[in-house]
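Open the model in your viewer and keep the sequence beside it.

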Amino acid sequence: VSKTDLSLTLTQGVQNEFEYVIWRRLLNAPPIAEVMSDIIGFVSDRQEINLPKTVDEQISRLLHYLQKHRCLLVLDNVETILQSGEQQAGVYRDGYESYGELFKRVGTTPHQSCLLLNSREKPMDIAILEGRNRPVRTIEISGLNEVDGRGIFEEIGSFSGSTQEWKELINLYNGNPLALVLSAKHINEVFLATFRCF
């Protein structure tokens, strides 16, 4: 199960608890103004089409609706707006810092809604606000173990290797289910198909 699949299953399970459920993928790192326009347009039933000019004012409008209605807002693939690399973990890419302001204000302003972020990395604004007795919480999901990772390969084809080789392969992809599926398909299509030709 990928992080997106897990979020989707959760959303389907709780959707009846909310007036609005908004799912927005950040896969191509859209500007925050575009995302805010979509979300505010949806929760205002397309009544608000002329949004304020500044992101700060747009966030205030969104918070108004999060207070007025019980909304579940899911932002998928948040890692696409973050810089990559261990040295910059949780830091926003240039031009995407306003997302941090959005997360901070949603996490510190009282409202009756929920914001679910789905990411391989934790934005630094979330790390600062989280806590067991605080309104912001995180759940870290680890990758698959060797047995489950190997099971993905068995569903796709017939593979062999030593216990150490399997361990190294699963660890190479940090047990990420999607990466393991893609790897298994690639190996099956390229290497095993080539082997069969000879």
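Here is a short tour, stop by stop.

This is a predicted model: local features need pLDDT of at least 70, side-chain atom pairs count only at pLDDT 80 or more, and totals for chains, interfaces and linings use all residues. Residues are numbered from 1 along each chain as its sequence is written, and side-chain values use heavy atoms, leaving out hydrogens and water.

**Stop 1: the sheet.** Select strands β1, β2 and β3. They form an open sheet in the order β1-β2-β3, with parallel pairing. The edge strands are β1 (20–25) and β3 (114–117), and each pairs on one side only. From one strand to the next, the twist averages 10 degrees. Now pick β2 (residues 71–76): four bridges join this strand to β3. Strands pair if DSSP finds at least two bridges between them. Find leucine 75; its bridge partner in β3 is leucine 117.

**Stop 2: two helices.** Select α2 (residues 32–43) and α4 (residues 97–108). Their axes are 9 Å apart, at an angle of about 40 degrees. The two helices are therefore oblique to each other. (Angles under 35 degrees count as roughly parallel, over 145 as roughly antiparallel, 65 to 115 as roughly perpendicular and the rest as oblique.) Show Ile32, Val35 and Met36 in α2; they meet Ser98, Tyr99 and Leu102 in α4.

**Stop 3: glutamine 58.** Look in helix α3 (residues 55–68) for glutamine 58. Is this residue buried or exposed? Glutamine 58 is buried, with a relative accessible area of 5% (buried means under 20%, exposed over 50%, partly exposed in between, using a 1.4 Å probe and protein chains only). Its side chain reaches the backbone oxygen of proline 52 at 2.9 Å.

Note on methods
Axes are lines fitted to C-alpha atoms, for helices over the stretch in contact, and angles run from 0 to 180 degrees between N-to-C directions. Contact means heavy atoms within 4.5 Å. A polar contact is a pair of N or O atoms within 3.5 Å; within protein, one must be able to donate a hydrogen and the other to accept it, and residues adjacent in sequence count only if both atoms are side-chain atoms.
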